[in-house]
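Subject: Structure handover

Hello,

Here is the structure I said I would pass on. My notes on it follow below.

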Amino acid sequence: MAGYNKKAETAHVKAEHNQHDEEHFREKHLMLDPLPRGQMNDMVMESMYTTSWKFWVVFAILSVIVAWGLFYSWGRMILEGLGIAGVNRPVYWGIFLVNTVFWIGISHAGTFISAILRVFKAEFRRPFTRAAELMTTFGLVQAGFSIFMHMGRVWVSYWLMPYPNERMLWPNLHSPLTWDLLAITTYLLSSTMYLFLPLIPDLAMARDRSTGWRRTFYKTLALGFRGTEGEWAHLRNAMSIFAFAIIPVMFSVHTIVSWDFAAATRPGWNSSIFGPYFVVGALHSGMGAVIMVLAIVRGTMKNMKYFIRPEHFDAIGKLMLIISMTWAYFFFNDYMVQWYGGDKWTHMLLHFHESGPMGWMWFAMLIFNIAIPWAVLWNQKWRSTPWIVFIVGLLINVGMWFERYIIIPISLSINRMPFTWRLYHPGVEIPLGIGTLAFFILLYMAASRLIPLIPVWEVEEGQMAHELKKFGRETVVTVSELE
Amino acid sequence: MAIELKVSEVKMGEAYVGKWGMVIDQDMCTGCQACVAACAMENNISFVGETDSGYGRSMHWIRIERFWEGSYPEVKMTPNQPMLCQQCGAATCEPVCPAFATVHSQAEQLNLQVYNRCVGTRYCANNCPYQVRSFNWRDYKRPEPLSNQLNPDVTVRRRGVMEKCTFCIQRIHKAQDMAKSEGREVVDGEFTTACAQACPASAITFGRVDNPDSLVSQLARVHGHGVKHLEELGTLPNVTYFKGG
């Protein structure tokens with residue numbers, strides 16, 4: 001008798017709970033909380049139009065930093081030579097290469113989030129694919145700046161391009177640097193196209209809702225998209241081809257970047273696991289950057305709290321945790337195999353990493369990349385809180401920058417010729433590095449007011465496909481196949 | 001017209017014999033740096049000045065490395081070690097250059113640096129296990145009388161370009177041209193590199209290693225315990241060192 005009563009009571013509670021669940025679902029998930037299409041379009045347009053004085057102050061400060069850090073310093077370096085930078089013998093590659101690898105890493109998460117989640121039809125991706133793809137393109141621009149700054153004679157850098165010339169001189173296809181250039185160019189072009197394709201319907205939407213120069217701007221970019229059945233079919237085809245094709249490109253880019261090091265004979269560089277290790281490292285820093293960008297966009301732009309919700313931070317937080325674990329695996333694998341190899345120079349180098357003058361950086365890297373993400377991201381409440389994941393993302397990026405710094409200048413400080421051992425002290429690399437960072441933020445800020453940062457049509461499509469359905473007492477989230 | 005891009009096909013291991021080579025007797029070396037000065041004069045190497053030199057940017061195609069054994073107070077100096085480009089048969093600097101600025105010459109079997117093709121990625125210098133390459137970090141000025149000292153046979157390099165020891169290739173060519181005009185072969189000892197010429201202790205000997213009668217080959221046979229640096233990397237260096245003999 002008592003058992004029966006209890007059962008009835010549980011059922012009652014459950015039914016009430018379900019009612020509550022439905023509310024909860026709507027509040028929590030963007031896909032289940034639809035707004036009328038026109039209203040959503042207006043919200044996105046409004047977020048583009050709204051700029052406070054703070055925006056312009058930050059914009060002006062960043063412009064000054066870019067002018068000083070990037071253009072003035074680089075110009076000075078071109079005129080005076082690389083002597084004003086800190087690179088020396090034996091550290092021929094310094095912060096320029098660190099920044100190149102770092103920015104390529106940042107650019108990886110954009111594609112990772114957008115293409116892989118699109119291919120796997122992960123529904124939470126819908127509102128933030130564009131924010132991530134923009135990072136890819138703008139990150140690659142900074143990587144390009146960093147690699148060209150690094151060159152001794154940048155004015156002849158076109159020699160690295162395979163162009164027909166009367167002397168029949170071609171780039172050396174044995175060199176990983178040639179492959180690097182080809183891979184990065186391919187990635188920049190394909191990721192820009194991949195950014196542009198899903199943007200077309202939103203540009204058309206913006207064209208229909210704007211006047212003046214903006215209308216001309218959107219009209220030109222929207223390529224006359226009207227939204228006919230045929231246009232949509234073509235767009236979907238192109239997008240699915242790109243989403244699948246860009247994933248191997250993405251993996252190849254950072255693998256090739258890792259060959260710059262892995263194909264060399266330096267102790268600490270010549271490691272066969274560098275390919276996947278670098279790819280995972282790139283995703284690690286890239287995910288951190290995506291979550292930072294989303295937290296800033298959500299906090300500073302109008303109407304973004306509707307589109308970017310704690311559920312998205314939660315989902316990316318989970319990915320970050322998994323990638324942090326994968327990175328830890330590759331790091332220790334790399335370390336163990338090198339240590340086990342028993343080469344005396346490698347042993348010396350590993351010892352130098354931990355206990356040399358920059359040993360603090362090695363420990364900071366492990367704390368920022370492994371300890372802090374593992375300590376914070378396991379908790380759903382913490383990883384759904386924007387400011388917490390912002391800090392975690394920031395620390396991961398600092399940690400990943402340290403990792404590249406350890407691999408490049410610190411590992412170069414010692415080599416097989418002890419007579420040449422010397423430490424590295426950055427010079428003009430610092431303003432140039434700050435300049436690339438400022439330029440990245442500046443480009444992003446400009447883009448956030450020029451193109452719709454939220455792919456509205458994708459959100460609308462997702463909201464139409466999602467439904468809460470009741471089966472008996474259970475409330476279930478259903479999705480109908482759209483694509 | 002298609003051009004064949006031939007990568008130097010060198011056989012690994014014992015079978016490899018280079019063309020021009022050098023033996024350096026470390027027991028004879030007094031560390032007087034005459035070779036360093038002579039090399040700088042011969043090859044128009046820039047003087048970088050005190051500040052840059054202190055920061056590890058001094059440009060030398062040859063340097064005298066000094067090491068010691070033990071810890072204070074029982075410190076024992078080891079023989080001086082002149083270090084220059086080893087003119088590897090399978091050089092690690094060559095495949096990594098994206099612009100073909102560092103290449104292997106078929107005629108001389110030397111590693112050449114094509115200054116006006118160099119774009120300054122500095123990958124070759126990173127990948128050189130001997131760390132013997134020098135980079136022009138700036139356009140270094142030559143104070144007035146020194147500008148009259150430049151060797152007309154050697155290119156003057158500008159900023160942003162990598163450079164390194166060439167085994168005084170201008171002297172090799174001069175001797176070959178002379179011999180050709182006189183209708184004979186180059187005789188062993190007819191010419192030598194600037195460093196070998198300047199060495200007061202005759203610690204450096206330069207010549208044909210593929211000729212068993214040349215002085216370098218004879219010295220190598222007499223000593224019998226020559227060492228090639230970092231041979232385990234498979235770079236097939238053409239410089240042999242003698243020590244403790």
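What radius of gyration would a compact globule of 483 residues have, and what does chain A have? Please keep in mind that this is a predicted model. A compact globule with 483 residues would have a radius of gyration near 23 Å, and the value for chain A is 25 Å, so the two agree. Along the principal axes, the C-alpha atoms of chain A fill a box of roughly 85 × 65 × 45 Å.

Chain A in outline: the secondary structure comes to 18 helices and two strands. Of its 483 residues, 43% count as buried. Taking the contacts in chain A with a separation of 6 or more, 80% are between residues 24 or more positions apart.

Next, the core. The largest nonpolar core has 174 residues, and the members that touch the most others are A:Ala109, A:Val290 and A:Ile291. Helix 10 of chain A (residues 274-300) gives the most to this core, with 15 residues. Leaving aside residues up to four places away in sequence, A:Val290 touches A:Ala109, A:Ile113, A:Ala132, A:Met135 and A:Ile316.

I also looked at helix 3 of chain A. This helix runs over residues 53-80, and at 1.5 Å a residue its 28 residues should span 40 Å; the end C-alpha atoms are 39 Å apart, so the span agrees with that expectation. Helix 3 of chain A does bend, by about 25 degrees, at A:Ala67. Which residues of helix 3 of chain A are buried? They are A:Leu62, A:Val66, A:Gly69, A:Leu70, A:Ser73 and A:Met77. These buried residues pack against two other helices of chain A, helix 5 (129-150) and helix 17 (429-450). Just after helix 3 of chain A comes A:Gly81, which takes a positive phi of about 100 degrees.

Last, the contact between the chains. Chain B puts 34 residues into the contact and chain A puts in 35. On the side of chain B that touches chain A, the elements giving two or more residues are helix 3 (93-96) and helix 4 (123-127) of chain B. Helix 4 of chain B provides the largest share of that side, four residues. Sorted by class, the side of chain B that touches chain A has 19 nonpolar, eight polar and seven charged residues.

Regards

Technical notes
Residues are numbered from 1 along each chain as its sequence is written. Chains are lettered from A and ligands numbered from 1 in the order in which they are written. This is a predicted model: local features need pLDDT of at least 70, side-chain atom pairs count only at pLDDT 80 or more; totals for chains, interfaces and linings use all residues. The expected span of a helix is 1.5 Å times one less than its number of residues. The bend at a residue is the angle between axes fitted to the seven residues ending there and the seven starting there. A residue is buried if 20 or more other C-beta atoms lie within 10 Å of its own, exposed if 12 or fewer, and partly exposed in between; C-beta atoms are placed from the backbone. Two residues are in contact if their C-beta atoms, placed from the backbone, lie within 7 Å. Ala, Val, Leu, Ile, Met, Phe, Trp, Tyr, Cys and Pro count as nonpolar, Asp, Glu, Lys and Arg as charged, and the others, Gly among them, as polar. A nonpolar core is a set of buried Ala, Val, Leu, Ile, Met, Phe, Trp, Tyr and Cys residues joined through C-beta atoms within 7 Å. The radius of gyration is taken over C-alpha atoms; the globule rule is 2.2 Å times the number of residues to the power 0.38.
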